[in-house]
Every structure is written in C-alpha cells, then in structure tokens.
Amino acid sequence: MRGGEVIELISDLGGGKTTFVRGLARGLGSSDPVRSPSFTLNNRYKAGKLILNHFDFYRLKEPGIMRDELAEVLADPESVTVVEWGEMVRDVLPDKRLTIKIRSLSETGRELIFEYPPELEYLIPGKT
Ligand SMILES: Nc1ncnc2c1ncn2[C@@H]1O[C@H](COP(=O)(O)OP(=O)(O)OP(=O)(O)O)[C@@H](O)[C@H]1O
Ligand SMILES: [Mg+2]
C-alpha cells in the first residue's frame with residue numbers, strides 16, 4: 001500500500017470481509033483492533049504513516065452524510081479505504097479500485113477473486 005488505494009470487498013453475509021480487513025491491518029503493521037463497523041459505519045486504524053479507513057454500509061438505507069464522509073477520506077492520499085457493502089456508494093468510489101470477491105468454498109475455505117485496473121497491479125502478489 002502506498003496510500004490512496006481503495007478496496008471494495010464483496011461477499012455474502014459472513015463471507016469473511018471483516019476478517020480480510022483484519023489481515024490487511026496486520027499486514028500494514030497496525031496493532032489497532034479491527035471490528036465490524038456495522039454500527040459506526042466507519043472505523044479508522046493507524047498503520048504507520050497510513051490510515052486504514054474501514055467502511056461498512058450494510059445497515060445504511062440512504063447514504064446521506066456518509067457519502068460526504070467517504071468522499072473526504074477518498075481524497076486523502078495517506079488513507080487506504082476499504083468498503084464492505086458498498087453498492088449504495090459505488091458512484092462515489094473511483095474506477096481505479098481493487099475489487100475482491102470472496103466466495104465460501106467450505107467452512108474454512110475461501111476463494112478470492114481480484115479485479116483491478118493495470119495501475120493497481122503492484123497490489124497483487126506475484127505481479128511485480
Ligand atoms: N477464511 C475464513 N475461513 C474460515 N472462517 C472464516 C474465514 N473468514 C471469515 N471467517 C469466519 O466467518 C465469520 C464471518 O466473518 P466476517 O465477519 O469477516 O464476515 P463479513 O463478510 O465481514 O460479514 P458481514 O457480511 O456480516 O459483514 C467469522 O466468524 C469469521 O471468523
Ligand atoms: Mg463485515
């Protein structure tokens with residue numbers, strides 16, 4: 001992560017999105033606890049010089065002020081943004097984002113499908 005990246009996580013309910021964010025935060029060197037932001041909608045984790053912003057719009061009926069909050073974070077080059085249940089705010093998300101689709105294969109098995117534009121290839125293990 002260099003800062004400014006946006007990741008959209010897509011899965012069924014309980015598919016492992018928040019768990020993925022926990023691993024991402026650890027990987028970025030953060031020791032902040034990663035919890036589901038379902039009620040707060042937005043959590044922030046400090047990761048060195050980066051801030052990991054974790055949004056979950058599951059319970060949101062109408063984006064309202066959260067759209068502005070998200071747009072503000074997206075404009076911050078030192079923030080990495082991860083979004084769960086982002087359908088409602090997809091028009092605010094940049095096209096230049098990493099989409100990760102998580103599919104449950106078994107109780108402990110997951111398939112992760114990465115979709116990204118060429119500019120984000122550096123995020124993908126084994127690509128650089
Ligand atoms: N790769 C995995 N293997 C086994 N269990 C997993 C895996 N990923 C997540 N889980 C378990 O599945 C449950 C749901 O995970 P998690 O909360 O990360 O899903 P979520 O997609 O964020 O759910 P929600 O849709 O409610 O936001 C948790 O109990 C978690 O421990
Ligand atoms: Mg979750």
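A backbone N or O atom of Gly16 lies 2.9 Å from an oxygen atom of ligand 1, a polar contact in the sense of a pair of N or O atoms within 3.5 Å (within protein, one must be able to donate a hydrogen and the other to accept it, and residues adjacent in sequence count only if both atoms are side-chain atoms). This is a predicted model, in which local features need pLDDT of at least 70 and side-chain atom pairs count only at pLDDT 80 or more, while totals for chains, interfaces and linings use all residues. Residues are numbered from 1 along each chain as its sequence is written, chains are lettered from A and ligands numbered from 1 in the order in which they are written, and side-chain values use heavy atoms, with hydrogens and water left out.

**Ligand 1**

- An N or O atom in the side chain of Glu84 is 3.0 Å from an oxygen atom of ligand 1, and a polar side-chain atom of Trp85 lies 3.3 Å from an oxygen atom of ligand 1.
- Taken alone, ligand 1 exposes 630 Å², and the protein buries 61% of that (Shrake-Rupley method with a 1.4 Å probe; for residues, only the protein chains shown count as cover).
- Ligand 1 is surrounded by 15 residues, of which Gly16, Lys17, Thr18, Thr19 and Glu84 are the closest (a residue is near if one of its heavy atoms lies within 4 Å).
- Helix H1 supplies the largest share of this shell, three residues (helices, H or I, are DSSP runs of at least four residues and strands, E, of at least two, numbered from the N terminus).

**Magnesium ion (ligand 2)**

- Thr18 (OG1) and Glu84 (OE) are the protein donors of the magnesium ion, 2.1 to 2.2 Å from it (donors are N, O and S atoms within 2.8 Å of the metal, or 3.2 Å for Na, K and Ca; water is not among the atoms, so sites may look incomplete).
- Thr18 lies in H1 (residues 17-27) and Glu84 in strand E4 (residues 79-84), so the pair ties together parts 66 residues apart in sequence.
- Thr18 is buried, with a relative accessible area of 15%, and Glu84 is buried at 3% (buried is under 20%, exposed over 50%, partly exposed in between; 1.4 Å probe, protein chains only).

**Helix H2**

- Met66, Leu70, Val73 and Leu74 are buried in helix H2 (residues 64-74).
- Seen down the axis of H2, its buried residues fall within an arc of 100 degrees, so they line one face of the helix (the arc is that of the directions from the helix axis to the C-beta atoms).
- Ile65 and Glu72 are exposed residues on the face of H2 turned away from its buried side.
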